[in-house]
2 protein chains.
Amino acid sequence: MATAEARAKELENHHNDCLVQLSNPNIATMKEDVLYHFSLSTSTHNFPAMFGDVKFVCVGGSPSRMNSFINYVAVELGLGRPGDEYPNICAGTDRYAMYKVGPVLSVSHGMGIPSIAIMLHELIKLLYHARCSNVTIIRIGTSGGIGLEPGSVVITRQAVDACFKAEFEQLVLGKRVVRSTDLDEQLVQELLQCSVDLSEFTTVVGNTMCTLDFYEGVLMCLCCRARSSGWCPLLLHGEGQAGLFASCPRCGHQKHRDGIFSLCCHVQYVWPPSGRGVCHPPGPTAGGPDQQPTRGAGRVPTETTAAGGLLH
Amino acid sequence: MATAEARAKELENHHNDCLVQLSNPNIATMKEDVLYHFSLSTSTHNFPAMFGDVKFVCVGGSPSRMNSFINYVAVELGLGRPGDEYPNICAGTDRYAMYKVGPVLSVSHGMGIPSIAIMLHELIKLLYHARCSNVTIIRIGTSGGIGLEPGSVVITRQAVDACFKAEFEQLVLGKRVVRSTDLDEQLVQELLQCSVDLSEFTTVVGNTMCTLDFYEGVLMCLCCRARSSGWCPLLLHGEGQAGLFASCPRCGHQKHRDGIFSLCCHVQYVWPPSGRGVCHPPGPTAGGPDQQPTRGAGRVPTETTAAGGLLH
């Protein structure tokens, strides 16, 4: 709670200092900004009224998971009861789903960096148009993993690419741009403390590999290497790595560009690579593996909100 | 119709020669193959019975668009009436949606290469397990574009990356692998002929740029370059390019790996970059721009099916 109180104090002291900023000055001069993939527009929706109080944005791949998450957080915040229904703010599109309760926004982002990139781009413009301040964004999701028990939660400190480099490479205007993938250390420690307080599942802080191909980039890489060369070469390269996923680096670099208070920290459920030629995650009837990261990530908005008196 | 009849004849002559193949021999030895993101498994679903007659797979980003498409094709094939409902075969997950009518499968793939890559990976395994033969896959969707009237349909001959290179680069086992992005020329010509027969909208054959970032890779690239340097540099590089999108190259390379009869051809609605600092597609209330590509792509399965007597 001490960390949560410190954050709440910080929010109070610097409320107006940490408005969400954009690096593109042209946005401010536009008469209308259409957030197409959210089916929202500044000319048809009142962003400050709808989103001005947002302090936490929790994002994940699956729309139904983000719906479950908003239900969980609503109960934790005392703003709802189990089973309550929340409208999808992006009901006009099937690209993403968005739910809100109190200061928490829950948004789906699909699979892969390009999909989360579109969502983050429009999300940060949404927060800017809504004049939000001191916003924390947390990604929750699932991943493969090595050297950890299935069901462990990984809080990502840094994302690495398919070559284990801690950088996010992007082509902008046809030119190669490399950005940092470091995530917010204070948020990492807060999430870790939440997990210690819960004492319900194993949580580690580690790095997460992110590739552009779930099968050939992440899983086939792991398994084929394991089959052909044993695990050693991968573990040698991968020392300190914990999760393996497909949407990380984009969050890290965004932090440094837009003045978000603490942009992103990944909390991931780890499932193990199988010993067979092809890895596969749990079967279609195995049920959702997302309760642990949901509970872990849900604690930060819950504790900070309670400590900071953010609810009106 | 001549081309459709030729294809139908070819299907008849080589029915058993063109079974869908996989390049990974380990799949054949697995007791169970879980297609996790479809929520389907070879141990819980009878793939040959469910999908053995599939000859055409039409894919697109949006689940609701692919639902509309299956309705359209069902009417065209005489297998359904407008407004009929079709069950989502992937109802156990919210990652993708899948619908089927007669020999046509309609599948959503989300946004971006990683998302379509996961879908294609599992789709081709599905077709393999179902013992399908002579399968044609067509992507339908929307894109930006230059030098074309809004509403034009682009049939993609070749996909190029953010540097205008006609290649798909991937990291497999940590190593750089480059694959071709050429698409099937026969299918390109068939689609073009269908459009000529329809005579309802402008259709061109061209190349399509695909990047990993919808905003900074495609749109911002176009607009910032236009603002800072005029359109000339881009047009110089982009001579012969028509569409600009985010899921192309993956389809091209897959064709050469898995023995699919004709894997993929893109049919895209083009909307223009605006003259402002930031491009944006039609507003959230502008309605769906997808009817033209739907009609164009729908003609291939319709005509071929009718000519080949594929319906039982």
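Helices are taken here as DSSP runs of at least four residues, numbered from the N terminus. In this predicted model, helix α2 of chain A spans residues 47-51 and holds both Phe47(A) and Phe51(A), which lie four residues apart, or about one turn of the helix. Both of these phenylalanines are buried, and their rings form an edge-to-face aromatic pair, with 5.9 Å centre to centre and 85° between the planes. A search of the whole structure finds four aromatic pairs over all chains.

Another edge-to-face pair is formed by Phe38(B) and Tyr96(B), at 5.7 Å centre to centre and with 70° between the planes. This pair links distant parts of chain B, since Phe38(B) belongs to the loop between β1 (34-35) and β2 (40-41), whereas Tyr96(B), 58 residues apart from it, belongs to the loop between α3 (63-76) and β4 (98-101). Phe38(B) is buried, with a relative accessible area of 0%, and Tyr96(B) also counts as buried, at 2% relative accessibility.

The largest nonpolar core comprises 32 residues, of which Phe38(A), Val57(A), Leu126(A) and Leu127(A) touch the most other members. At least two residues of this core are supplied by each of α2, β3 (56-60), β5 (104-108) and α4 (113-129) of chain A, and likewise by α6 (214-229) of chain B; α4(A) gives the most, with eight residues. When neighbours within four places in sequence are left aside, the contacts of Val57(A) are Leu105(A), Val107(A), Leu123(A), Leu127(A), Val135(A), Thr136(A), Ile137(A) and Ile138(A). A second, separate core of 29 residues includes Leu40(B), Val57(B), Ile116(B) and Leu120(B).

Methods. Residues are numbered from 1 along each chain as its sequence is written. Chains are lettered from A and ligands numbered from 1 in the order in which they are written. This is a predicted model: local features need pLDDT of at least 70, side-chain atom pairs count only at pLDDT 80 or more; totals for chains, interfaces and linings use all residues. Side-chain values use heavy atoms; hydrogens and water are left out. Rings of Phe, Tyr and Trp (its six-membered ring) pair if their centres lie within 6.5 Å; planes under 30 degrees apart count as stacked, over 60 as edge-to-face and the rest as tilted. Buried means under 20% relative accessible area, exposed over 50%, partly exposed in between (1.4 Å probe, protein chains only). A nonpolar core is a set of buried Ala, Val, Leu, Ile, Met, Phe, Trp, Tyr and Cys residues joined through side-chain atoms within 4.5 Å. Contact means heavy atoms within 4.5 Å.
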